[in-house]
Amino acid sequence: MSASHRELRLEIAEFNAEYAAVLDAGRVQDWPAFFTEDAVYRITGRENFDAGLPVGLVYCEGIGMIRDRALAISRTTMFAPRYLLHQVTNDRVLAVDPGGEISAEANYALFETLVDEKTTLQQVGRYHDRFVREHGRLKLKARHCVYDSLIIDTALIYPV
Amino acid sequence: MPDSAPRPNADPAFPFAWPAEGLTRIPDWVYTSPEVYEREVERIFHGPTWNFVALEAELPEPGSFRRSFVGPTPVVAARDAAGAIHVFENRCAHRGAELCRLQGGKATEFICPYHQWTYDLAGNLTAVPFRRGLKNQGGMPKDFQLEDHGLKKLEVATRRGVVFASFDPSVPSLEDYLGAAMLRDFDATFDGRKLKLLGYYRNTVPANWKMYHENLKDPYHATLLHAFLVSFGLMVAGNKSAMVVDPSGRHGTMASAKPPEMPKLDQETKTQMRAYSDELRLAEPRFLDYVREFDSPWSVTMQTIWPNFIVQRELNTLGVRQIVPRGPDEFLMVWTMFGYEGDSDEMTRHRLRQGNLMGPSGFLGIEDNEAMRFVQQGVTRSDTDASLVALGGTEEGTSDHLITEAAIRSLYRHYRDVMGL
């Protein structure tokens, strides 16, 4: 592994840590800033991903839909208050295109804590990502969150 | 434990009495009692009802199979070499193992992994290892007949690509079971075009399974709980809408027509709907567009087919939902989302984008699941012992407005009759 590859991996790990920090802090309105204008964001079960079925629990095409998701969750959606905590690990850089587009993966675990309840494992899964650079900074052009935990407990409220 | 006084001369093993007020009250024990749940499985899910098990699009070829459920009971739906669909219990006739472990796929036979008893695609037993014993020792008794020990088979009915099953051979035809009004709404969605699978959602809800039916027979909640619908103009209390109930009371369709433009709301309506806001605007409102494609006056129909099936036609996002009860206080929902063969790529993506409304992360789906969880907690933990269903007085049946609970009362009239309550 080259030094530049290692550096890129570290940069992606830092990106993912910041991304998780924003969501863990409940700052869902700041979450769209991690994406490009034409970004695709999807959360789907592994059974769909493996079978090539396109459905998403969350399916956003473009930054407008990503912002609408953030707006709806923070302003209109009714749900019980909760804390969420992401652990993002096993960051891997898979390839860098000649054009500079980066394919990467990382595993995630999402813990959820509701008032009066024990902490539960909401889901475990893997990010399948495409990163590009805008003004020197990494942005997500695509993030497919593919969860192994096929049965969602009640509802998955916030973005993953 | 039942929290109403036992009826005089009541069955001591089933000491439940409906509140004296009648159908305007629902006693908590319908949601919490293991005895009531057991009777529901026996009389409803295993009784003369049609239960959704699969879409034919999931069984495209001879040998295709799908793991499924009738009520809480695991079954397998499979298409045989001649193309016929069979549904049988997922329970080996030998020691009871759930033998089919895959969610679906293709097979030529089903072999129980424990002792390799082998069944064909119709559930008939075809082979038993060491049936004659080994070196004249052991083996099955001489009078053992393979044909007496197949998997338990269910009645099967299909309509427009939807597969139903029943444990009870006395079940009426699917058409009689649904009735003319329900068939009309069903056929508007399953209009003859072949279905194209888009994928699955699965979630549990920590609530009694009947609450899912009640929620879709409760048009009152739509504009109150679902601020998204109201904020972004999809539905307001004045929209053209109907809550259709079939003559038996058990099935229903909640229907509404999306206005072509964001309606102007009068001050009274705005004040009644706390969720309403003049300021919220979507960046991509096109995802809520309704592309007319159905022979129906309604842009939205949510059809509840008793006891385990929901047909979702929410604008252009389509899905079926299967209720799998797991005891009185939890159910599994399996959502199968689909479009039609021949949909353009853009139409498929429109359906997928609109899918953000539904499912366990849907702008509406989240709220329904949360509300049911809250109700189950309330009816389980409180000292109070019944809930109030008095909106619209004691009227029952179909209504053409939203501010009524008539359809819930109709359901419970049917339920009490079947359950002997």
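On the surface of chain B, the side chains of B:Tyr220, B:Leu224 and B:Ile403 make up a nonpolar patch with about 250 Å² of accessible area together. Patches are built from residues with over 30% relative accessible area and no salt bridge, joining like charges within 9 Å and nonpolar side chains (Val, Leu, Ile, Met, Phe, Trp, Tyr) within 5 Å. This is a predicted model, in which local features need pLDDT of at least 70 and side-chain atom pairs count only at pLDDT 80 or more, while totals for chains, interfaces and linings use all residues. Residues are numbered from 1 along each chain as its sequence is written, chains are lettered from A and ligands numbered from 1 in the order written, and side-chain values use heavy atoms, leaving out hydrogens and water.

**The patch in chain B**
- Accessible areas come from the Shrake-Rupley method with a 1.4 Å probe, and for residues only the protein chains shown count as cover.
- A salt bridge here is a side-chain nitrogen of Lys or Arg within 4 Å of a carboxyl oxygen of Asp or Glu.
- B:Tyr220 lies in the loop between helix 4 (210-215) and helix 5 (222-225) of chain B; helices (H or I, at least four residues) and strands (E, at least two) are DSSP runs, numbered from the N terminus.
- With 32% relative accessibility, B:Tyr220 counts as partly exposed, the class between buried (under 20% relative accessible area) and exposed (over 50%), using a 1.4 Å probe and protein chains only.

**A bent helix in chain B**
- Helix 3 of chain B bends by about 90° at B:Ala180, where the bend is the angle between axes fitted to the seven residues ending there and the seven starting there.
- The end C-alpha atoms of this helix (residues 174-189) span only 17 Å, whereas a straight helix of 16 residues would span 22 Å; the expected span is 1.5 Å times one less than the number of residues.
- Buried residues in helix 3 of chain B include B:Leu174, B:Tyr177, B:Met182 and B:Phe186.

**Backbone details to look up**
- The peptide bond from B:Trp306 to B:Pro307 is cis, with omega near 5°, and B:Pro307 sits in the loop between strand 15 (300-305) and strand 16 (309-314) of chain B.
- A:His135, which is not a glycine, has a positive phi of about 50°; at 84% relative accessibility, A:His135 is exposed.
- B:Asn136 has a positive phi near 65°, and B:Asn136 is exposed at 80% relative accessible area.

**Chain A overall**
- Chain A has three helices and seven strands.
- Of the 160 residues of chain A, 52% count as buried.
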